[in-house]
Amino acid sequence: MKKITYFLICVLSLSLSCTKEDVSSNDNSSGNGNGNGSIDTSANQQATGTSANALLSDTEYNQLIIELAYVEGFSPSNAAVENLIAFLTERTFKPNGISVVTQVIPSQENIELTVNDIIAIEDNYRTQYNSEGTIAVWAFFTNGSSANNTENGVVLGTAYRNTSFVIFEETIHGLSDGTFEPNRSVLESTVILHEIGHLLGLTNLGTALQSDHEDQDHPKHCNVETCLMYFSAETGSGIENLIGANSAPELDAQCIADLQANGGK
Ligand SMILES: [Zn+2]
Ligand SMILES: [Zn+2]
C-alpha cells in the first residue's frame, strides 16, 4: 500500500532501506561528543553506505566490533552469527580481528516499528561506537515487526544507517523452519548478509559500480538473480528459492569486484 518514498524498503526476503542523504565525514573525534558521556556517536549516525570503505579496508580501522542486540528469545542462530563473521572475514581487511559483543534489550512484542522507532532504540541501548582503529556495527534483532509490512510482502531486515541494521527476527521465525519454508539459519543468514552487503556499499550504495549491474527496477540492488544482493520483490520468489537451500546466496563476481575496488577483498 504505502508507496514508500526513497527510504526504499525492499520487500520480502531481502530488505533494506536506501537512504539518500548527503553525508560526508566518517571521522571520529572521540572525547568530544554528546549523548553517551564522552563518546562521539556522530560517526555512527550517517547514511547507509557512507562507511563502506571504512568497513572494507584497514586504512582507518583495522578492527571491527559487532554489537549484537536482541530481545530475549530472538537472538540469531549461532550458525547465522558464524556466517556473518565468516563473510566479513572473507570480504574485509580487519587484521586485528572481528569480534562480537551481545546484549539483551527489552521486548517490542506486537509493536510495529518505524525506522525512527528503530533509531530511537539504537540511540537508547547502543554501547559500541567507532574509536581509534576500531569500527563498530550495531546489529539489532527485534520481535517487533516493520511498520512497512504490507499485504504484498514483509520486511525482514533494514540497513538504516552507515553502521546499523535491524533484523525482524520474529517475522523470520514465522517464515522459516515450517513445511515448505526455508531453514531458519539460512533465511537469517541471507537477510543478515544482505544487510551487511548494504553497509559495505552494495549495490552502488557508497561502493562504486565497476560494471553495469545495478537493477534499474530496484535501485541499490544487483541485477544478477542468484546474487546475495538481488532484490526479490513482492513475488515472494526470494523465499521460495531458499527452500531446501543449506546456505545463503553468495555475492556474484560483479559485486565482489565492486568491493575489491573500494578497499575490500
Ligand atoms: Zn536490499
Ligand atoms: Zn551482485
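How are the donor residues of the zinc ion (ligand 2) spaced in sequence? Let's keep that one in mind for a moment, hello everyone, and thanks for coming. Please remember throughout that we are looking at a predicted model.

Here is the answer: the spacing reads C-x4-C-x24-D-x2-C. The residues behind those letters are Cys222, Cys227 and Cys255, each giving its SG atom, together with Asp252, which gives an OD atom. They coordinate the zinc ion (ligand 2) at 2.0 to 2.3 Å. Now look at the geometry. The angles among the four donor atoms run from 99 to 116 degrees, and the site is tetrahedral. For four tetrahedral donors, the ideal angle at a metal is 109.5 degrees.

Where do these donors sit along the chain? Take Cys222 and Cys255, a pair that links distant parts of the chain, 33 residues apart. Cys222 is in the loop between helix H5 (184–199) and helix H6 (237–242), while Cys255 belongs to helix H7, residues 253–261. Are they buried or exposed? Cys222 and Cys255 are both buried.

On to the other zinc ion, ligand 1. Which residues coordinate the zinc ion (ligand 1)? They are His194, His198 and His221, each through its NE2 atom, at 2.0 to 2.1 Å. Their spacing in sequence is H-x3-H-x22-H. If you find helix H5 on the screen, you will see both His194 and His198 there, four residues apart, which is about one turn of the helix. His194 and His198 are also both buried.

While we are on helix H5, let me show you Glu188, which is found there too. Glu188 is buried yet has no salt bridge. How far away is the nearest side chain of opposite charge? That side chain belongs to Arg184, and the distance is 5.7 Å. What Glu188 does have is a polar contact, side chain to side chain, with Ser77 at 2.7 Å. Leaving out residues up to four places away in sequence, Glu188 touches several others, including Ser75, Pro76, Ala80, Glu169 and Ile172.

And Arg184? Its salt bridge is with Asp177, where the closest N and O atoms are 4.0 Å apart. Arg184 counts as partly exposed because its relative accessibility is 22%.

That brings us to salt bridges in general. How many salt bridges does the structure hold? There are five. Some of them join up: Glu122, Asp123, Arg126 and Arg161 are linked in a network of salt bridges. Let's walk through part of it. Glu122 and Arg161 meet through their side chains at 3.3 Å, N to O. Glu122 lies in helix H3 (residues 115–125) and Arg161 in strand E8 (residues 157–161), so this pair ties together parts that are 39 residues apart in sequence. Arg161 also forms a salt bridge with Asp123, with the closest N and O atoms 3.0 Å apart.

Glu122 counts as buried because its relative accessibility is 0%. Arg161 is buried as well, with a relative accessible area of 10%. Asp123, at 35% relative accessibility, counts as partly exposed.

For contrast, here is a residue on the outside. Thr59 is exposed, because its relative accessible area is 70%. You will find Thr59 in the loop between helix H1 (52–56) and strand E3 (63–71). Its side chain makes a polar contact with the side chain of Ser57, at 3.1 Å. Thr59 and Gly133 are 74 residues apart in sequence, and their C-alpha atoms are 9.0 Å apart in space.

Let me finish by zooming out. The protein has seven helices and nine strands. Buried residues make up 53% of its 265 residues. And if you take the contacts with a separation of 6 or more, residues 24 or more positions apart account for 74% of them.

Notes
Residues numbered from 1 in each chain as written. Chains lettered and ligands numbered in written order. Predicted model: local features only at pLDDT ≥ 70, side-chain atom pairs only at ≥ 80, totals over all residues. Heavy atoms only, no water. Donors = N, O, S within 2.8 Å, 3.2 Å for Na, K, Ca; no water. Tetrahedral: all angles 85-135°; square planar, octahedral: opposite > 155°, others 65-115°. Helix = DSSP H or I, 4+ residues; strand = E, 2+ residues; numbered from the N terminus. Buried < 20%, exposed > 50% of the residue type's maximum accessible area, 1.4 Å probe, protein only. Lys, Arg positive; Asp, Glu negative; His and termini not counted. Polar contact = N/O pair within 3.5 Å; in protein donor to acceptor, adjacent residues only side chain to side chain. Contact = heavy atoms within 4.5 Å.
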